[in-house]
Amino acid sequence: MTERLRAVIADDQALVRTGFRMILAADGIEVTAEVANGDEAVAAVRRTRPDVVLMDIRMPQMDGLEATRRILAGGAEDTRVLILTTYDLDHYVYAALAAGASGFLLKDVTPEHLVAAVRLVRSGDALLAPTITRRLVERFARRDNVKPTLHRDLSQLTPRELDVLRLLATGLSNAELADRLTLSVATVKTHVARILSKLGLRDRVQAVVVAYETGLISPGGTG
């Protein structure tokens, strides 16, 4: 039998927590904890080891950004974080994605989309389409000479892997990458996996961030 999916909900609004718990429970997803701030979120993850955390970005005591950083830097390799926000393309969301969050959801998400998102990131995929990630990164990456949030040495990559990363950051899917580079989809997947492994990245979202922050591709350009 497939192991039941487990989630933690972190939001300072009780109504949001209750609504999300009911939606997830109705689809067979176990909510192991409901918490109201970042401190409680970090403790709940350490205690219950959930598959997915639904993390509000703005909470008292410790915000969702810092909680995400601590969770993903604290050895919770199998836990995925989905950021909850009321604002599309929020600067804090960008920082959370750079820290390793697997995507973001607006709080007015439909029940169907909420459940689908939780199941998607549990499978190891990033929630955001690369095109949406690109919009977010173009808006905030390398702004005001802020120190990059991800530090990676692209010299580890082969010329072909650099080509794949550059195109991936422009929003192309694996199928589109395969067509552009005249490769099989399986070969593209292998290249993407090697890029993530060499650069120590959790998913494609972080790969897009790295491509912009290292200057491999520039906002509004194609690298």
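In which loop is Q61 found? Q61 sits in the loop between β3 and α3 (64-73). This is a predicted model, in which local features need pLDDT of at least 70, side-chain atom pairs count only at pLDDT 80 or more, and totals for chains, interfaces and linings use all residues. Residues are numbered from 1 along each chain as its sequence is written, and side-chain values use heavy atoms, leaving out hydrogens and water.

**Overall make-up**
- The protein has 10 helices and five strands. Helices (H or I, at least four residues) and strands (E, at least two) are DSSP runs, numbered from the N terminus.
- Of its 223 residues, 49% count as buried. Buried means under 20% relative accessible area, exposed over 50%, and partly exposed in between (1.4 Å probe, protein chains only).
- Among contacts with a separation of 6 or more, 69% join residues 24 or more positions apart. A contact means heavy atoms within 4.5 Å.
- The accessible surface is about 10,500 Å², and carbon and sulfur atoms contribute 49% of that. The areas come from the Shrake-Rupley method with a 1.4 Å probe; for residues, only the protein chains shown count as cover.

**Helix α5**
- Helix α5 (residues 111-122) has 12 residues. From first C-alpha to last it reaches 17 Å, close to the 16 Å expected at 1.5 Å a residue. The expected span is 1.5 Å times one less than the number of residues.
- L114, V115, A117, V118 and V121 of α5 are buried. Down the axis of α5, the buried residues fall within an arc of 160 degrees, so they line one face of the helix. The arc is that of the directions from the helix axis to the C-beta atoms.
- The cover over these buried residues includes α1 (14-26), β3 (52-56), β4 (80-85) and β5 (103-106).
- Just after α5, G124 takes a positive phi of about 105 degrees.

**The α4/α10 crossing**
- The axes of α4 (residues 91-99) and α10 (residues 204-213) come within 8 Å and cross at roughly 105 degrees. Axes are lines fitted to C-alpha atoms, for helices over the stretch in contact, and angles run from 0 to 180 degrees between N-to-C directions.
- α4 and α10 are therefore roughly perpendicular. That label covers 65 to 115 degrees; under 35 is roughly parallel, over 145 roughly antiparallel, and the rest oblique.
- Y94, L97, A98 and A99 of α4 meet V205, Q206, V209 and E213 of α10.

**Positive phi outside glycine**
- Q61 has phi near 70 degrees. Q61 is exposed, at 68% relative accessible area.
- T182 has phi near 55 degrees. T182 lies in the loop between α8 (174-181) and α9 (185-199) and is exposed, at 69%.
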